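Dear colleague,

I am passing on the structure we spoke about, and I would be glad if you could read it alongside the notes that follow. Please tell me where your own reading departs from mine.

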Amino acid sequence: MNKQSRPWAYSFPALVVIGLIVLFPILYTGYISLTNMNVYHWFNFRIIGLQNYGKALFVFDSGFLPALLRTILWTVLNMVIQVAVSFLLAVLLNSEGLVLKNFYKTLLMFPWAMPAYVSILLWRLGIFNSQLGLLNHWLGLLHLAPVNWLNGNVSAFFCCMAVNLWMAFPFMILTMDGAIQSIDKAYYESAVLEGAGTFTRMTRITFPMIRPIVAPAIVLTTFVTFKQFDIVFLMTQQPGAKTGADIHTVITYAYEKAFLTNNYGYSAAISILIFAIIIVLSLLYRNPIRKEGAQ
Amino acid sequence: MIQNPRKRFLRLTATNLFFLVICLAGLVPILYALSVSLNATNSVFSEGFSLLPSQFTFQNYRSVLFNQPFLLWMRNTVLLAAFTVVIALSVSVPAAYAFSRFRFRGRSTTLYLLLLLNAFPSILSMFALYRLLRLMGMVNTYTGLVIVYTGGMTIFSLWNMKGYFDTIPVEIEQAARIDGADDFQIIRKIVLPLAKPTIIVTAILVLISVWNDYIFAINFLSTADKYTLAAGLYTLQATEQTRNWPLFSAASLLASLPVLVIFFAVQKYMQSGLTSGGVKE
């Protein structure tokens, strides 16, 4: 074998697996998106062109555009809070003389280590549930009426956000903590000699120094947040246990159209649109992603 | 840094208190579930919330382990995860090696396309996969589910291990080649031993993601005796949530325990095994 064909031979099995199991279903989804396939047309579907895309993009009532706007709001709010709070916590973790730092770090890591679906279900039942949940229990102790946390759109949205932040903080804090540790202490010493206060040191040294290190992690977390499915689905959309809140993100919306209302062609069109959005976004952030690899 | 010792002491005490409160608050959902699962009195709220159950019992755990199909679900999960790990890794190790060591036409384009494919949320092609598997009669079979899991995990493993291979100096292999070793010998005697940390970490990450998946499991498996832990737990909470809250807490903590143990055991490895992934392109 020559030098050109040998690497292809080595990666052939992997590429076949990926081609058949990942690429082909995506292409098939693209094909389905051009048809009227649904529960009545399981076999006798026909090509209807771009009608599904038209419905998604130009009929506001279809629900895709509101879901997209909601997803963008969800991503922005989550990321801003996540980055700001993680930064503060990471700086505090690195306070001089904090002997128990590693102990705190270990405790902070639990939400990351737990299986996500378990955490979400524990939050849903243990914290937000209107009868069993701790929140309503505490309200009761204050002689306040119980609240159906997951029923209203606004409150359900913020409950989901709380869970997402809870699960996402550990990774961000640890990433920032690692970045802060890589800063040469000499910068701070000379800054102190120059008379710089804590705030100045934070904004002029810590922040700019860790930015290149944490930027790829932030970009990747942004994608993860945009694609988040489990929280909204498990908290509010479970079949048979819907809470009444409509806080669909694009992904839970696509899922519902396929697996609950059985509108396969339309759902496939939504999927392709989401993929297109992700591709455009990742072209914008091409470099940071490449740097970080497939994490 | 020169600081007033009294001020310093106060500041450290405040920081410590702050972190104790934060850590405890962060653990509330887990601690509460733990407390509920260990509490003998069934009315959760008769004596209010406390982290220590008033009447201690292991009854919920016993009944999860012996009266529920928990052990069967766990066996199913281990089986699925093991097959997925073996298949995903055996196809992606040679591929990762090829993409790290050889420079060939189409290399960086392929790598980038793989990343794009990985960016596609697998839930969105789930229906297409379901339809394809149904055509082949593989819905509600482990083969089908292993196929589904293997696909996504292969891209992840390939990229993850390629990054680590990049950090192993190529000089070692060149020296072996001069000594007359062929590709196969180099991979078996030099690359694999050196790459052991990344192979272990990647295997564990694949294992954990199969362990933690519920959405494919509940859609592709339809009979309860085939369920994985995640699918079983999902059904447990979906069907009889309020009555079985203590039981569900016990089951979900038991299902999380192996993941927690593994996570903390390899956590050091994970940081080096992962972050080294992107150092060299």
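His143(A) counts as exposed, because it has 6 C-beta neighbours inside 10 Å; the scale used throughout calls a residue buried if 20 or more other C-beta atoms lie within 10 Å of its own, exposed if 12 or fewer, and partly exposed in between, with C-beta atoms placed from the backbone. His143(A) sits in the loop between α6 (134-141) and α7 of chain A, and although it is not a glycine, it has a positive phi of about 60°. Helices (H or I, at least four residues) and strands (E, at least two) are taken as DSSP runs and numbered from the N terminus.

Before going further, please bear in mind that this is a predicted model, in which local features need pLDDT of at least 70 and side-chain atom pairs count only at pLDDT 80 or more, while totals for chains, interfaces and linings use all residues. Residues are numbered from 1 along each chain as its sequence is written, and chains are lettered from A and ligands numbered from 1 in the order in which they are written.

With 14 C-beta neighbours inside 10 Å, Asn140(B) counts as partly exposed.

Turning to chain A as a whole, there are 13 helices and zero strands, and the C-alpha trace spans about 75 × 75 × 35 Å along its principal axes. Of the 295 residues in chain A, 40% are buried. Where contacts in chain A join residues at least 6 apart in sequence, 67% of them are between residues at least 24 apart, a contact being a pair of residues whose C-beta atoms, placed from the backbone, lie within 7 Å.

Within chain A, helix α10 (residues 230-237) is largely enclosed by the rest of the structure, because eight of its eight residues are buried. Among them are Asp230(A), Phe233(A) and Gln237(A), and the buried residues of α10(A) pack against α5 (116-128), α7 (153-181) and α11 (250-259) of chain A.

A helix pair in chain A also deserves a description. Helix α1 (residues 5-32) and helix α12 (residues 264-284) of chain A pack at an angle of about 120°, with their axes 7 Å apart; the axes are lines fitted to C-alpha atoms, for helices over the stretch in contact, and angles run from 0 to 180 degrees between N-to-C directions. α1(A) and α12(A) are therefore oblique to each other, since angles under 35 degrees count as roughly parallel, over 145 as roughly antiparallel, 65 to 115 as roughly perpendicular and the rest as oblique. On the side of α1(A), the residues that meet α12(A) are Thr29(A), Gly30(A) and Ile32(A), and their partners in α12(A) are Tyr264(A), Gly265(A), Ala268(A), Ser271(A) and Ile272(A). By class, this contact of α1(A) with α12(A) has four nonpolar, four polar and no charged residues, where Ala, Val, Leu, Ile, Met, Phe, Trp, Tyr, Cys and Pro count as nonpolar, Asp, Glu, Lys and Arg as charged, and the others, Gly among them, as polar.

Chain B likewise comes to 13 helices and zero strands, and buried residues make up 41% of its 281 residues. For contacts in chain B with a separation of 6 or more, residues 24 or more positions apart account for 74%. Phe248(B), placed in helix α12 of chain B, counts as buried with 26 C-beta neighbours inside 10 Å. The C-alpha atoms of Phe248(B) and Gln237(B), eleven residues apart along the chain, are separated by 6.7 Å.

Chain B is divided into domain 1 (5-57) and domain 2 (64-278), with bounds that come from an automatic or database domain assignment. Six residues of domain 1 of chain B are in contact with six residues of domain 2 of chain B, and the domain 1 side of that contact divides into four nonpolar, two polar and no charged residues.

Lastly, the contact between the chains takes 74 residues from chain B and 73 residues from chain A. The largest share of the side of chain B that touches chain A, twelve residues, comes from α6(B), and by class that side has 51 nonpolar, 21 polar and two charged residues.

With best wishes

Methods:
Contact = placed C-beta atoms within 7 Å.
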